[in-house]
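Hi everyone, thanks for coming along.

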Amino acid sequence: MSKDFSLQQLRLFVAVAEELHFRRAAERVHLSQPPLTRQVRALEDSLGVTLLERTSRRVNLTPAGVVFLEEARRVLSAVDQARREAVRAETGQLGSIIVGFIESAALDLLPQVLPRFRDQFTDLDLELREMHTSEQCRQLHERRIDVGILRPPVDEAGLEVTVLHANPLVAVLPEEHPLASGPVALADLAGEAFVMYSRRLGEGIYSAILQSCLAVGFTPRVRHEATSTPMLMSLVAAREGVALVPEQFAFTRRIGVRFAPVDDAAAMSSVAIAWRTGDSQPAYQALCSIARQVAGKLKQPMFGAGST
């Protein structure tokens, strides 16, 4: 009856079978000859078959040995592959990652981050989901996404949050507005009705706009809250108010509105990356590192006065 044998015995047998010489095989595996011989003999005893014909001058494979050599190579190859895959999984090279992101990140950050991340994690399944900051926080806690690219402030309980960079805010004005030629001092908008992003969808951008206005002495009079950027732009185009948005949105054409730079340096909104505390995988850390490098090099282009 056959008994269990070890992977080490398989490796030693393969060395002997390929060298057809015990001394050379022993040198190849950095082992003295007597223990190597004993291990191969123990393997044969475990199998209950003779794998090698030994004479004083040569070693040959038996028919059973020829078959067993092929299977032993296959087993050892599979074990080595399993080991490599386990290491890759441990270092984040395998598996999947679901990343939530805010709309503005698709305009500057993601196009530069994703190719570099893909180059580093070629076999990692990456899924992207656009969603507002509040939804990202909820799905992070529910383990429905793994990483979020969002706008602080957020409730950081249970989350690791790293600020990547800050976006300047720009004014969105109806195309015939007197200030549309820009640039605009934020205080010049004090008497205007505002179209704001809905606070319940993302505290970050709402708070950034509110704090920027308060810093120059007024509280924005909010006429409408928009649940999306297209809705916000449509309301401004319809002359329902003015708005402040991250500068990335000024690089895409919008009918009926004009974008004007804001002179106030405090008119900024930060972008951050977040994941669950204690759940940091190598892939998450790499994504964060790449995003920080890209964010550090982002140069906001200056758009001409009155551009659309």
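Let me start with Arg11, which counts as partly exposed at 28% relative accessibility; that label covers the range between buried, under 20% relative accessible area, and exposed, over 50%, with a 1.4 Å probe and protein chains only. Before I go on, a word on the basis: this is a predicted model, where local features need pLDDT of at least 70, side-chain atom pairs count only at pLDDT 80 or more, and totals for chains, interfaces and linings use all residues. Residues are numbered from 1 along each chain as its sequence is written, and side-chain values use heavy atoms, with hydrogens and water left out.

So which residue does Arg11 pair with in a salt bridge? The partner is Asp80, and the closest N and O atoms are 3.3 Å apart. By salt bridge I mean a side-chain nitrogen of Lys or Arg within 4 Å of a carboxyl oxygen of Asp or Glu. This pair links distant parts of the chain, with Arg11 in helix H1 (residues 7-19) and Asp80 in helix H4 (residues 63-90), 69 residues apart. Helices here are DSSP runs of H or I, at least four residues long, numbered from the N terminus. Asp80 is partly exposed too, with a relative accessible area of 27%.

Now move along to Glu18, partly exposed at 35% relative accessibility. Glu18 forms a salt bridge with Arg73, the closest N and O atoms being 3.0 Å apart. Here again distant parts of the chain are linked: Arg73 sits in helix H4 and Glu18 in helix H1, 55 residues apart. Arg73 counts as partly exposed, at 41%.

Glu18 also bridges to Arg28, and there the closest N and O atoms are 2.5 Å apart. Arg28 lies in helix H2 (residues 22-28) and Glu18 in helix H1, so this pair ties together parts that are 10 residues apart in sequence. Arg28 has a relative accessible area of 37%, so it is partly exposed.

Put together, Glu18, Glu19, Arg24, Arg28 and Arg73 are linked in a network of salt bridges. How many salt bridges does the structure hold? The count is 18.

Last, the cysteines. With a disulfide taken as a pair of cysteine sulfur atoms within 2.5 Å, the count comes to zero. Cys137 is in no disulfide, and the nearest cysteine sulfur, that of Cys288, is 16 Å away. Cys137 counts as buried, at 12% relative accessibility, and Cys213 is buried as well, at 0%.

Definitions and conventions
Helix = DSSP H or I, 4+ residues; strand = E, 2+ residues; numbered from the N terminus.
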